[in-house]
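Trainee: Please take one part of this structure and examine it closely for me. I would then value a brief word on the aromatic rings.

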Amino acid sequence: MTTLVVCLDRADDVGRASGVETPVAGWEAVESLVTDVGLVDPEDAGVNSILEALRIARDLREDGEEAVVAVVSGAPDSMVRADRTVASQLDELMATYDPDAAIVVTDSAEDERLVPIVESRVPVDSVDRVVVRQARDLESTYYLLKQFLADEELRQTTLVPLGTALVVFPALAVLAGLAVATATMTAVIGSFLLYKGLGVDELTGRVAREAREALYSGQVSVVTYVVAVGLTLVGVFAGALGISNQPDTEGFLLPAMQFAYDSVPWLATAALTASAGRLLDEILRDEGIRTSFVNLPFVALSVGFVIRGFSAYFLEQADLIGPLRMPRMDFGVVQVEQFALDSGQRLAVFVIAGVLVSLVGVRVAAAVGGSAVVGADSDAERGTG
């Protein structure tokens with residue numbers, strides 16, 4: 001088996017430095033060539049690639065293989081002429097040595113473009129790119145940038161927004177001033193980085209895809225989600241209206257508590273509606289109900305109770321709302337007269353109610369999950385029988 005170890009030089013740097021016509025083949029001829037090129041230009045990376053070709057050929061011979069080392073060059077004036085020159089020289093080497101395989105040695109990305117020409121004539125077992133140690137970081141950065149610019153998606157998501165910001169910045173600087181332009185561009189670039197870094201684009205795409213699939217499949221949750229969005233908007237409006245009706249107070253705590261107190265009933269109802277729709281989808285799908293969907297409505301209700309209780313406690317302590325008055329209740333033999341709960345009692349009642357609802361949700365979810373498992377086991381036993 002004969003292996004051709006060929007060093008590629010597309011721009012003919014070796015030929016111009018040494019004055020030798022290529023192809024140059026054979027150990028002595030290539031060794032003399034690298035000496036001539038090194039004496040003319042010791043900083044040329046082609047010297048390292050030729051030495052690497054000699055080293056590979058020596059290692060192959062030491063392993064008992066027949067190796068032929070050669071150097072081929074193109075032309076500096078035209079890339080098409082350079083590729084055709086290399087192809088012609090490779091044909092000459094193929095006719096002379098008839099190798100069974102080839103190992104290609106290059107020193108740049110430009111030279112690596114000649115590899116398909118070699119592959120069209122002989123199987124290529126390996127491509128060895130020589131990187132000068134002092135310039136390794138620079139070469140690696142170059143290749144990373146090259147791969148980055150070759151990726152169309154990365155160009156569109158990174159270079160286009162950055163280029164747009166750089167184009168808009170001078171116009172803003174002229175019209176609104178340098179400070180406004182700098183602040184605007186910084187905010188835009190920061191928002192874009194957060195948008196990509198937090199994966200908002202992937203989340204948005206996933207939500208849109210799931211919404212489209214839900215619309216096409218006729219799921220109940222589509223309607224309940226729309227209702228939940230409407231209830232959420234009503235809750236936000238109710239909270240904002242409660243803040244506007246509140247007397248002027250200093251600080252942030254009381255307005256926030258007022259917003260939570262007025263909006264939580266609506267927001268909890270929205271969560272219940274959305275979770276109920278998803279639970280109905282799971283039931284209609286008839287593929288078993290996951291316990292997380294069963295427990296979700298209870299969690300939403302219990303969180304609503306707790307937030308409502310704490311917000312009412314702070315508002316009552318600030319004399320913004322009155323105590324909770326329970327109406328007269330008649331249970332036949334037992335009658336409960338009207339009474340009022342102060343802030344501490346109200347908080348305790350709401351927290352206990354939230355905990356109880358959460359526990360009920362856990363028990364119901366466990367019961368549903370357990371029954372589903374039992375049903376599956378009994379079905380398996382019937383099938384086995």
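Mentor: Helices (H or I, at least four residues) and strands (E, at least two) are DSSP runs, numbered from the N terminus. The model is predicted: local features need pLDDT of at least 70, side-chain atom pairs count only at pLDDT 80 or more, and totals for chains, interfaces and linings use all residues. Residues are numbered from 1 along each chain as its sequence is written, and side-chain values use heavy atoms, leaving out hydrogens and water.

Let us begin with helix 3, residues 45-62. Its expected span is 1.5 Å times one less than its number of residues; for 18 residues this gives 26 Å, and the end C-alpha atoms are 26 Å apart, so the two values agree. Just after helix 3, Gly64 has a positive phi of about 90 degrees.

The buried residues of helix 3 include Val47, Ile50, Leu54 and Ala57, where buried means under 20% relative accessible area, exposed over 50% and partly exposed in between, with a 1.4 Å probe and protein chains only. The partners against which the buried residues of helix 3 pack include helix 1 (13-18), helix 2 (27-40) and strand 3 (66-73); contact means heavy atoms within 4.5 Å.

As for the rings, there are two aromatic pairs. Rings of Phe, Tyr and Trp (its six-membered ring) pair if their centres lie within 6.5 Å; planes under 30 degrees apart count as stacked, over 60 as edge-to-face and the rest as tilted. Phe305 and Phe350 are tilted, because their planes stand at 55 degrees, with the centres 6.1 Å apart. Phe305 lies in helix 13 and Phe350 in helix 14, 45 residues apart. Phe350 is buried at 17%, whereas Phe305 is partly exposed at 27%.
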